[in-house]
Amino acid sequence: MNHRRQAVRGLAAALAALVALTAAGCSSKAKTGDGKQTGAGGVRTGEGVTDKTISLGALTDMTGVYATLGKSVTQAQQLYVKQVNAAGGICGRQLELTVRDHGYDPQKALAAYTELEPKVVGYTQFIGSPFVAAVKPKVDGLDKGLVLPQAWSASLLGSPYIRVLGATYDVETINAVDFLVTEKGLKSGDKLGHVYFEGDYGENALKGSKYAAEKAGLTVVEQKIKPTDNDMSAQVAALKQAGVKAIVISAGPRQAASLVGVAAATGLKVPVVGNNSAFAPQLLGTQAGPALEKMYWFASPSLPIGADTPTAKKLVADYRAAYPSDSLDNGIVAGWTAASVFGEALKKACENKDLTRDGVDKALLTLTSYDAGFGMSHNLGDPKAPSSRESVIIQPDKKVTGGMRTVRQPFVADAAKSYTP
């Protein structure tokens, strides 16, 4: 375990060093501050905004561990931008979305952030909790551009500029464990396995499982892995030997598929529940597909793409028309939700005649009950809190639209209500 802790410290140190270098390289750049201008329509403008355009950034992963998610998030946001522009734009300006693929590599992620920072008003997407956490000092200190990440670590809370949409991983995991206890037979005295990525995401989810376990009288059996670990055979063997009665996985879709597939093949047929980023419906076409449908569930900060809501149905039709060869997944929901929240903040900022970064940030604080159309109401008025504590429990099912079926509607576990992220 020591060498793994050292690896995590090494990654943190490397990220900190890169942030320091990028900050030093940009220290001479002029900030908006006193340089704000009044543009078309008497609206104040700053970085990323002209009389004709509003520039947004997307820092995504289309080639790394979250490639499937990144592609869906990005295409959903590109679709949003296209539709908004076709309807006349926002504040008399057309939206422009600049996408950079970091491949879940810290150096590429920080380089892409540094490149786009002076050119955009903010970011509709930033995948990777460790990378968002690494730039947080710059965002909070000098940059102050709004970031709506596809990352749910509680370490991102507290910033007025980096806003988590939905329950943080710890709260989400508490809700997931509650599902195992109330509906899958997990009981006091049982052992609960938890397979998790080293770093921000996995460590935050582990806090949730430990808290929930303490409340329910469970014992957590930990298995820490790296994002590059794709074969879960060793982890399944260890959990089977420990006698776990259920498993939580806080990792990527590949790891979840391997875990469930190996567990089923070796006779460890216990319920497995994942965090929201631990499933992609494309997995249903793999050898692990049948096992996933029988013994896997995951928690989500929204209803799935195939939900029976007007917004979901329209988005499915529009997405299929725009990307007919691509499958449907919840990355589309996450991307669309973030883009629509950012768009709503821009509209409010326009009403206030202030499209500077400061104006957009302040406008976001007024969104205290925003419904993106997927079953959740988001309160963005308190930077110290996630926008929601609710989770939806979803089961893979290739027979339904998007390959995902809702088995438990939005809820908050009693333990999650009393927990402080």
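**A helix and a sheet**

Modeller: Helix α4 (residues 129–143) spans only 18 Å between its end C-alpha atoms, whereas a straight helix of 15 residues would span 21 Å at 1.5 Å a residue. That expected span is 1.5 Å times one less than the number of residues. Helices here are DSSP runs of H or I with at least four residues, strands are E runs of at least two, and both are numbered from the N terminus.

Biologist: Before we go on, what are we looking at?

Modeller: This is a predicted model: local features need pLDDT of at least 70, side-chain atom pairs count only at pLDDT 80 or more, and totals for chains, interfaces and linings use all residues. Residues are numbered from 1 along each chain as its sequence is written, and side-chain values use heavy atoms, with hydrogens and water left out.

Biologist: OK, where is the kink in α4?

Modeller: At Val135, shortly before the proline Pro137, and the kink is about 45°. The bend is the angle between axes fitted to the seven residues ending at a residue and the seven starting there.

Biologist: And what comes after α4?

Modeller: Lys144, with a positive phi near 60°.

Biologist: Switching to the sheet: what's the strand order?

Modeller: β8-β7-β9-β10-β11-β14-β15, an open sheet of 7 strands with mixed pairing. Two strands pair if DSSP finds at least two bridges between them. The edge strands, β8 (219–225) and β15 (404–411), each pair on one side only.

Biologist: How do β11 and β14 run?

Modeller: Antiparallel, with 3 bridges joining β11 (residues 296–300) to β14 (residues 391–396). Ala299 stands opposite Ile393 in β14.
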